[in-house]
Amino acid sequence: MIKNKKAQIGTFNIFYIMTIFFVFILFSAGVIYFTGKLNEVFKSVGEIHDAQPKKNVTFPCLDNQNEICGGTFSPNLTEAANIVWGNVYNSTTALRMVTLVYMLSLAACFIITSFLERKYPFLFFAYILIFLLGLILSPVVSNSYEKILNSNIYEGELLNFGAANFIMLNLPLFILVIGALSSIGLFLNLIRGGNENEL
């Protein structure tokens, strides 16, 4: 049974942030790319189908069985593709904004939580060391992302993630700001008076 447990963010979440940023933006770009490809394929299939000559179909008229009615009956697959896959593609492009909001929200949660949690003084210094290690490794993640960005993956779809790309290409600075603010929050909790027995 868990009693008096506060929601706390783990010490290694600076690495979690870097990993989630990297993976989530690639996943979002992949979803947009593949739905765009499906949209293109279904539209081209619809255009080919709609360009074919239509067969004239004859049948007895409903109101008079002695007469013959007829006409060309064929579904408009181009319109159907636009309604279905066009709307799906347009919806998935919102992932560009969702990715940016998620990245900023995760960073904000990390900083806010550091102002609310308490650690032993020893753990504070361990946190500082882990933060410095994350700061040292963040250029590696940023450079890897830049290589992927320049490789024209997803036929350049990744280039449409403007603000998210800016964060990833400047990840060391972003991690420095997150780590510095969270360190200030943890330090303030160390020197804050009252409730010293609670962690």
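1. Helices, in what follows, are DSSP runs (H or I) of at least four residues, and strands are runs (E) of at least two, both numbered from the N terminus. On that basis the protein chain of this predicted model has 6 helices and 2 strands, which follow one another along the sequence in the pattern α-β-β-α-α-α-α-α.

2. Taking the chain as a whole, 32% of its 199 residues count as buried, and the accessible surface comes to about 12,500 Å², with 67% of that area belonging to carbon and sulfur atoms. Among contacts between residues at least 6 apart in sequence, 83% join residues at least 24 apart.

3. Asn39, in helix α1 (residues 13-51), has a relative accessible area of 10% and, because this is under the 20% cut-off, is classed as buried. The Asn39 side chain reaches the backbone nitrogen of Gly86 at 3.3 Å; once neighbours within four places in sequence are left aside, Asn39 is in contact with Ala81, Trp85, Gly86 and Tyr89.

4. Helix α3 (residues 95-116) has 22 residues and should therefore span 32 Å at 1.5 Å a residue, which agrees with the 31 Å between its end C-alpha atoms. Buried residues in α3 include Thr99, Leu100, Met103, Leu106, Ala107, Phe110, Ile111 and Ser114. An α-helix has 3.6 residues a turn, so residues three or four places apart point the same way.

5. A nonpolar patch on the surface is formed by Leu173, Leu176, Val177, Leu181, Ile184, Phe187, Leu188 and Ile191, which together have about 700 Å² of accessible area. One of these residues, Ile184, lies in helix α6 (residues 171-191) and is partly exposed, with a relative accessible area of 44%.

Methods
Residues are numbered from 1 along each chain as its sequence is written. This is a predicted model: local features need pLDDT of at least 70, side-chain atom pairs count only at pLDDT 80 or more; totals for chains, interfaces and linings use all residues. Side-chain values use heavy atoms; hydrogens and water are left out. Patches are made of residues with over 30% relative accessible area and no salt bridge: like charges are joined within 9 Å, nonpolar side chains (Val, Leu, Ile, Met, Phe, Trp, Tyr) within 5 Å. Accessible areas come from the Shrake-Rupley method with a 1.4 Å probe; for residues, only the protein chains shown count as cover. A salt bridge is a side-chain nitrogen of Lys or Arg within 4 Å of a carboxyl oxygen of Asp or Glu. Buried means under 20% relative accessible area, exposed over 50%, partly exposed in between (1.4 Å probe, protein chains only). A polar contact is a pair of N or O atoms within 3.5 Å; within protein, one must be able to donate a hydrogen and the other to accept it, and residues adjacent in sequence count only if both atoms are side-chain atoms. Contact means heavy atoms within 4.5 Å. The expected span of a helix is 1.5 Å times one less than its number of residues.
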